[in-house]
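Welcome! Please open the model and follow along.

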Amino acid sequence: MANDKTSRGYESLGQESSVTEVPPYEGINSNAYHPGTKGAQESVEAYPEPHQARPVRRHHVFRFWPWELGSLIVAFGLIAATYSVLSHYNGQQVPEWPFSINLNTLVALISTIMRAAMLVAVAEVISQTKWGWFSRPRPLSHLQYFDEASRSVSGSLSLLFVAPGSALGVLGALITILSLGIGPFTQQTIKTVPCLQTHREQKATLPLAHFMPGNGTYYRVGAGSYQVQLDMKGTMVNGIASPTSNDSAIIPNCATGNCTFTSHNGITHSSIGLCSSCIDTTPFIREPIRNNSRPDNYTLPNNMWVSAESDMVYLNVAPGSVDWASSAFTPEFTSSIDGGLINVTTLSLTAAACSNNGGNLSCPIQNGYGGPTGLVATSCSLYPCLKNYHAVVEKGVLSEKIVSTKPAPVNWVEAGIPHGGVSPSMNFTALQSPCLVDGGWYDLPNMSDVPKTQGRSFTDINIDGANYTVPDECLYKMWFPYADGLMNFMYYDLFDGQCTYNSRQGQSIACDEMWWLASLYNNKEASFDTLSAAFDQFATAVTNKIRTTGSSSYDWNAHEVVEGAVTEMTVCIEFQWKWLIMPTALVAATAAILVAIVTQNLRNHEQPVWKSSLLPLLYYGFNHRSYHEDPSRPVMDLTEMNRAAANRRAKFQNGGEAGFVDVTPSIEDVIRRRGRDVDVDSLIDGR
């Protein structure tokens, strides 16, 4: 029954009878068929007779793994592409692509293709492993377990318990199971964080001035007499009355509300402006000589006075020399008055000078008209200076801090006059060192090396007793006629007045036409700190006005600005590369088991590479071979088996003799069919 042409199962496809020579008939090659059988016939060249076969032959292993090797290369390429893409966008704004595609979508697509490519190799490794697994007696059900492990995660889980001794099979199953994490792990590599991004097509700006005045900022009222324009006068009055208002604030040009400026030594920009320096002259106040016939006046050496009695002066402000307080001068104050525009002394009654001792108020003047009070005196110098800033704009708010200041005394060398002289052409001048010119930084010793390009001016200046020639880009100047206009307004109109007090006024003092001076009284809480801060705020207000109305050293009509970067708070990509360790390790493990199985096939010459093919189960059933009459013949490899199966036809037969049945036409059937076709053709031709 085993040799019968209708035998069941695998044997019907496995039997071969000897080839019988049949003469050609009507062009039919009868050598390709066996008479009297329906068994499929392979060519003699493809399947030599048993006496021609070699007991053992080397199979060409590498030609059976091209797709797996290719898929592994694809997997490595995709993991490398993931690293490359995410590294490129690390720290950058989340890209906006057409059709709502985002970076997560791209990474998900790459990881899906990478997993599929990787599992192509893993599945075939598991399938090939099962043929070696059965080199020893095993339960036949293990075939099914290996087959399911190559196709699904659940099958891989089962294989871990069914065949723990198959190292490559277990590793392949573990890779299949762990590959479920490739998608989530690769998604975790993308983290979105808030960040600032620069708009390269936009620029932020802040005003500054190398030179003051600008065009139309002052006017001449007489021979050698000048006045500043009304807007500056208003700024100065407001700088005393309401110094923290927005009237004199610098308004940055920053489209997004977040801008930065390049800094050097912490300095982003510089400008000519006005500075203040103050000393505490309270110790110079002289107490009155008690005399019932006149009020008790508290005086300073310059004859300024205040009194704590009704309708007397509670606040006195006056310009003038402060040489009487020279013993209190600090080095900073001394340098400021040398090139200063005006010195202002403020004398005031104040409750801030009182001390509280266990609930008992102790004041220098215990029986004042307005109650116990004290005294404070402050002398301040206002002078042209160079101001160095550091600025940044965050959330629409400008944060501008003064890094340093430098007095701008008269440049006698430029004016060509002796020290202490006066000339309409002289400038209050400060040198910026180091200085940026044409993208290069220059210090004092090498400023004369600045390229002397067309239109560039150089000026001589005396620094610490030595004369230097420096480019005007490094100088910040205030022209003497404009400085004179500032000085005249401050001296005669701004800082010269007295304020009185009466109980009918509540807590306020009356300053008459000098009403803005009342802010210095600070509701009877004036102190050296509040007065010093008030003059500093006044200088800031004037400086801001100078920055917005000043000009370039080369063009009075040109307003200068410092440019910065416009940034915007947006969402950026943060590449968390550690999450790619697992997918990378799985691809590397896939490469390892593929190399291992290929090496194993190279060492075992008798085991063909069949991988996941079903044909070996049909051709080599239980105790059956294609040429059973010659057991020493080597088994077919995958290519040979596929070629043989292509020429064989079979059907599955149900019933009592269920199994595959060979239905390949025999030579007699072919000749008979061909002969019948010839008879029909003859009848047609003889019609």
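We begin with proline 434, which sits in the loop between β15 (427–431) and β16 (435–437). Names of this kind come from DSSP runs numbered from the N terminus, where helices are H or I runs of at least four residues and strands are E runs of at least two. The bond that links serine 433 to proline 434 is a cis peptide bond, with omega at about 0 degrees.

Before going on, a word on the model: it is predicted, so local features need pLDDT of at least 70 and side-chain atom pairs count only at pLDDT 80 or more, while totals for chains, interfaces and linings use all residues. Residues are numbered from 1 along each chain as its sequence is written, and side-chain values use heavy atoms, with hydrogens and water left out.

Now turn to the loop between β2 (211–212) and β3 (218–222), where you will find proline 213. Methionine 212 and proline 213 are joined by a cis peptide bond too, here with omega at about 25 degrees.

Our next stop is aspartate 512, in the loop between β21 (497–500) and α12 (518–521). Although aspartate 512 is not a glycine, its phi is positive, at about 55 degrees. Is this residue buried or exposed? Aspartate 512 counts as exposed because its relative accessibility is 62%; here exposed means over 50% relative accessible area, buried under 20%, and partly exposed in between, using a 1.4 Å probe and protein chains only.

Finally, look at the loop between α12 and α13 (528–549), which holds lysine 524. Lysine 524 is another non-glycine residue with a positive phi, about 65 degrees. With a relative accessibility of 11%, lysine 524 counts as buried.
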